[in-house]
Amino acid sequence: MTQLRKYRHSRLRLCSAAAAALLLTAACGQGASSGGGDGPIKIGSSLPLTGEFSEAGQATQKGYQTWVALTNQNGGLLGRQVEIIVKDDATNQNTVVTDYNALIAQDKVDLLLGTQSSLLNLPASAIAERNRMLYVEPAGGAPELFERGFTYLFFSQQATTDYQGAVWAKWVASLPADKRPRKVAYPSVDDPFSKSVADGVEKILTAAGIQTAYKEVYPLGTKNLDSIVNAVAASGADAVVHGSVFEDGVTFVRAMERANFKPKLIYQSQAPAFGKQYLDGVGQKATEGMFYSTSWNEVAETPGNAAFVAKYRELFKEEPTEDAADGFAAAEVVAAAVKGVGGIEDQKALADWLHANKVDTILGTLSWDKAGRPTGEYLVGQWQNGKAEIVLPPEVATSKRLVRYGGGDL
Amino acid sequence: MTSFLQILVLGILTGGVYALLASGLTLVFGVMRVINIAHGAFILTGAFLAYTLWRWSGLDPLLLTVVVAAVMFGVGWLVYLVALRPVRTAPITTTVLLTFGVALLLEGLMGVVWGNTSHSIRPSYADESFTLAGLYIPEVQVYGGLLALAVLAALYLIMQRTWLGRAIRASSVNEPGARLVGVSVSSVAAMTFALGVAGAGMGGSIMGMLYPFLPGSHYQWIARLLAIVVLGGLGSLPGAVVGALLIGVAEVMASSYIGPEWTTAVPFLVIFIVLLVRPQGLMGTRLREDVAPA
């Protein structure tokens, strides 16, 4: 989920990049994978290891590396060891196109794994589609990606961004009248990911009769959010749905503190899922009661999650992040298709298998529609007493309490 | 009326912080005719240094700005000697490319030392506000603005009242003439660049208390700061203050009265209009460049 925050450029630029990607690959032929044999299975990916999205890119790389280590430790894939080639796209749409072309044509990888963010996955997935290779992306949930009629593209999280806040919004709509917010503010950064999260929540809450008090979009890179918080507070909203990425998510909450603005409920996309970074960024007091959606939880009893966490800690001497878990899950999806088909030669068969089957991952069970959109639901988290808890849906909740922003009963 | 005053106060405070961040950039251009694209990266280096010192010592980050400025002065001197001195008389495009390279190098080094994760400097008062006549006035922005005024006043006094300042100005106006009267132009340039980087470091310490930062954030800062110094007049310290205040107020006013989506566009529209009327910026001076240096 968090990695999607980097969809930071205009749609025009995205379309241009996608067109460029298709043109650049026009000369490329079919997938050039080396296919069978007894040597290692080569998997290729390009990630933003440097540049603006490097934080998420490096985390995803660690997720991929953890999956490779665990897979090889357990006998490999189809009895063959696995190796991964990761190139650095430097958070650049042109470079990511070059990288995937090189992975296919020069490195002759057998399988692909996706990159970070909708911004980069948009052109990268076009390369894979042109070469008829399976493309499972750990990030990239903007709805536009799945409106191109691709058949080899799959997003390995629970849902596209427009449904990310749906579980939380339905819960708010179900509250008794005296506990529901009357007016909601929807400030959002100009980013198709964050904005579509806020739009999705607004749609559900409006249908439930909850008024929209404020709805504005601000440009990416906006540093000063004091004036926006000032306007939100003046709107009379008693709940806030903030379509944020990380930095503006932190800055917004700190501006709320300075303005002493305390709505009853607040939901932010992405930022609160950054764990300790978020806690350090806004301080424990300001996290209390903050809602967010997340694809993964460290203590979830999903298949393989404990092994992933343990191996990750062993390899990197740190706690895994959501981006790392999403990377691991993407590799699990590719592996499930390979095992299901029993080979790596027929990439169409791999894609068909994923369209027809469900896959158990550390994020839970995933399945897809014919466009590669996942058909599940995200978890809802809430910060309570300095700790990120899962509160919805109730059957997987790590805390049975739900509190108002700042603490206390709703 | 209260709402308007609140918005105005927020804009002025934002501009104050921008002024602090922009001071070194305009100083370096004014003296060396170098557009220092690495200025944003130096700001972030200062922020990371302040973060480390704050976590290690537990001292108030405002006090640590002095230490950060001293360390960054040394960094600036070193960067000048290693990277800029060999190309000091090269065309401006060369130094733009070179300082861009320095920015990328610094970004990489910061990534290695501090990691590619967001950091925040949060002393106890980071999110506190003063209250005055029904208005809230964020504390850190007040301190940042005051520090900006102090730094810029000090730089202005150095430039106008000291031998070093006269040497700096002489070097920028007529380098051969400055040499003739015994000024070591190279040392003056090194000193100027180091002062500019020290100012960036000091600004970074304050910026780190207001906004989260990571090594890649410098791109966001350099565009805004270049706009400010162009508006104020490249090389003019008072111009940097005026430009920063104008941009800060324009951002906040646009956000509040037109819509947040105009936050970026309106200030640049202001710059566009100003430059149409005064190409040298609000407080810049026209320079003759039709005579080749000896």
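Is K108(A) buried, partly exposed or exposed, given its C-beta neighbours inside 10 Å? In this predicted model, K108(A) counts as partly exposed because 14 C-beta neighbours lie inside 10 Å. The residue is placed in the loop that runs between α3 (93–105) and β3 (111–113) of chain A. Although K108(A) is not a glycine, its phi is positive, at about 50°.

Chain A is divided into two domains, of which domain 1 comprises 2–158 + 301–366 and domain 2 comprises 163–294 + 378–396. Their C-alpha centres are separated by 30 Å. The contact between them involves 13 residues from domain 1 of chain A and 14 residues from domain 2 of chain A. On the side of domain 1 of chain A that touches domain 2 of chain A, four residues are nonpolar, five are polar and four are charged. A further backbone feature of chain A is found at the bond from L392(A) to P393(A), a cis peptide with omega near -5°. P393(A) belongs to the segment after β14 (387–392) of chain A.

The largest nonpolar core contains 124 residues, and the members that touch the most others are L112(A), L134(A), V333(A), V334(A) and A337(A). Helix α12 (residues 322–341) of chain A supplies the largest share of this core, 13 residues. Both domain 1 (2–158 + 301–366) and domain 2 (163–294 + 378–396) of chain A contribute to this core, with at least three residues from each. A second, separate core is made up of 97 residues, among them V9(B), M159(B), A178(B) and M253(B). As regards V334(A), its contacts beyond neighbours within four places in sequence are L111(A), L113(A), L134(A) and V136(A).

The two chains meet through 32 residues of chain A, which are in contact with 29 residues of chain B. On the side of chain A that touches chain B, two or more residues come from each of α2 (54–73), β7 (211–218), α7 (226–234), α8 (246–259) and α9 (276–282) of chain A. The greatest contribution to this side of chain A is that of α8(A), with eight residues. In terms of residue class, the side of chain A that touches chain B holds 12 polar, 11 charged and nine nonpolar residues.

For chain B, an unreviewed UniProt entry lists under "transmembrane region" residues 6–30, 37–56, 62–83, 95–115, 135–159, 180–201, 221–250 and 262–281. Two of these spans may be described from the model. Residues 95–115 of chain B are 95% helix and 0% strand, with their end C-alpha atoms 28 Å apart.

V68(B) is located in helix α3 (residues 61–84) of chain B. This residue counts as buried because its C-beta neighbours inside 10 Å number 28. When residues up to four places away in sequence are not counted, V68(B) touches G46(B), L49(B), A50(B), L53(B), G201(B), M202(B) and S205(B).

Helix α9 (residues 218–232) of chain B consists of 15 residues and spans 21 Å from first to last C-alpha, close to the 21 Å expected at 1.5 Å a residue. α9(B) is mostly covered, with 12 of its 15 residues buried. The buried residues of α9(B) include H218(B), W221(B) and R224(B), as well as L225(B), L226(B), V229(B) and G232(B). Just after α9(B), a positive phi of about 115° is adopted by G233(B).

A positive phi also occurs in chain B at A133(B), where the value is about 50° although the residue is not a glycine. A133(B) sits in the loop between β1 (129–132) and β2 (135–138) of chain B. With 7 C-beta neighbours inside 10 Å, A133(B) is therefore classed as exposed.

Conventions:
Residues are numbered from 1 along each chain as its sequence is written. Chains are lettered from A and ligands numbered from 1 in the order in which they are written. This is a predicted model: local features need pLDDT of at least 70, side-chain atom pairs count only at pLDDT 80 or more; totals for chains, interfaces and linings use all residues. UniProt positions are given in the numbering used here, feature names are shortened, and annotations may be inferred rather than shown by experiment. Helices (H or I, at least four residues) and strands (E, at least two) are DSSP runs, numbered from the N terminus. A nonpolar core is a set of buried Ala, Val, Leu, Ile, Met, Phe, Trp, Tyr and Cys residues joined through C-beta atoms within 7 Å. A residue is buried if 20 or more other C-beta atoms lie within 10 Å of its own, exposed if 12 or fewer, and partly exposed in between; C-beta atoms are placed from the backbone. Domain bounds come from an automatic or database domain assignment. Two residues are in contact if their C-beta atoms, placed from the backbone, lie within 7 Å. Ala, Val, Leu, Ile, Met, Phe, Trp, Tyr, Cys and Pro count as nonpolar, Asp, Glu, Lys and Arg as charged, and the others, Gly among them, as polar. The expected span of a helix is 1.5 Å times one less than its number of residues.
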